[in-house]
Amino acid sequence: MSMRAAVIRTLPLFEMMRMRAATTARRHPMLGFASDDRTSRLRWVNQFTHTHRRIGPDDREVVSPNNDTVFSNAWLDLSEGPVLIDTPDMGERYWTLGLLDAWTNPFAYVGRRTTGNRQQRTLVHGPAWTGDVPLDVDNVIASPGDDVWVIGRILVDDSPGNLEQAAALQRGISTHRLDGSDAAMRVDTRMDGRSVDTPTAALYHATVDQALARNPVPQGESLQWPVERSALAAALPAVFEELRQKAQPHALGGGWALPVSVRTHWGADLDMRARVARNFIGALGIEEAMYPTAEVDAEGENLNGSHAYELRFPPEAKPEVDAFWSLTLYRRSDCLLVANPIHRYSVGDRLPGLLTDADGGLSIRVQASDPGPAHNWLPAPPGEDFYLVLRLYQPRRRHLDFQFPYPPLRRR
């Protein structure tokens, strides 16, 4: 096995451990700081942290951010036994907890699509556990390894009090052990998760060593590890630079492409798994959500705010989803939301006053200037390149089978 192949195979492990270091909390609400030393890499796992507001143009930490939901985040360490996750009754609201293993496979879900919206208790256990499942457990999830990233999303809208209601639901998510005790544990993350630089060979090797001991190589894969340090040091910069190039998206027609296409497992596509781990880590499976992206118009030209565009879905081909959909605009230079006078960053099926065409179709104007009240308007940045992401939550069959006729953006 070449050194490039060894890095491609193990890079998801490293990037997941980097994300664990970046997104776990230093402070537990009841147990305090994981360490009194501010330079310590100790963090809390087996507890949820929450973002209680929608992301806007002033948020710069995440590229192409979702403006539809609030987020919840937890890293589970199953090495000392199962973790129970309690979730409240979510009413009619869309929500999901997506579970990723240490190899970035989105292997399980709890939520509206899979387990419903009722109050429920989920037991997540590692590969070594053989105990009895308590009678009050609704869902049992067997993880292939001891490290699991749980990414939660709860739908919010602009109606009065909706964000506060979602925050209360987030606070109703809890973790504990089978005996009822708090599941929180301290872990030494051993790195600065905020650094996106190419790691040293020593850090990369040590991180992969630790992760491999806890998360077996997926079935059907082979891996030669450990590797020679000097050869690893030479290979890392080249592979990381290769993976910084954009992943090759799945073309959908009409200028649209799908950057990430996975269901529950990456299978044999190890190059794509590594590219996504580097560029789109945390991607859930397309049965939960698809994100078709458009960077060009009907003529193949870059989308730019100096032009006015119309995106028209005919009546027989409006987005087909079992939850909801939204169209969000991002500035191409920094991949962030763009401030605009009406504070509108997306248009979707939940937009108050969404207008339907006379024939039942749907048209959206994408431009810098206000087209007037007779149109659905998504503001664009004047004179700047931008791109669009069509978020489809619980997409239906035509989307999943790549048979949906995505319309191009046409200049007006």
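Visitor: Which exposed residues does the face of H2 turned away from its buried side carry?

Guide: That face of helix H2 carries Glu-164 and Arg-171. Exposed means over 50% relative accessible area, buried under 20%, and partly exposed in between, with a 1.4 Å probe and protein chains only. Helices (H or I, at least four residues) and strands (E, at least two) are DSSP runs, numbered from the N terminus. This is a predicted model, in which local features need pLDDT of at least 70, side-chain atom pairs count only at pLDDT 80 or more, and totals for chains, interfaces and linings use all residues. Residues are numbered from 1 along each chain as its sequence is written, and side-chain values use heavy atoms, with hydrogens and water left out.

Visitor: Which residues of helix H2 are buried?

Guide: An α-helix has 3.6 residues a turn, so residues three or four places apart point the same way. In H2 (residues 162-171), the buried residues are Asn-162, Ala-166, Ala-167, Leu-169 and Gln-170. Seen down the axis of H2, they fall within an arc of 160°, so they line one face of the helix. The arc is that of the directions from the helix axis to the C-beta atoms.

Visitor: In what order do the 4 strands of the open sheet stand?

Guide: Strands of a sheet pair through backbone hydrogen bonds, either parallel or antiparallel. Here the order is E22-E21-E18-E24, with mixed pairing. Strands E22 (376-379) and E24 (410-411) stand at the edges, each with a single partner strand, so one side of each is left without a neighbour in the sheet. Two strands pair if DSSP finds at least two bridges between them. E18 (residues 309-313) and E24 run antiparallel, joined by 2 bridges; Tyr-309 has Arg-411 of E24 as its bridge partner.
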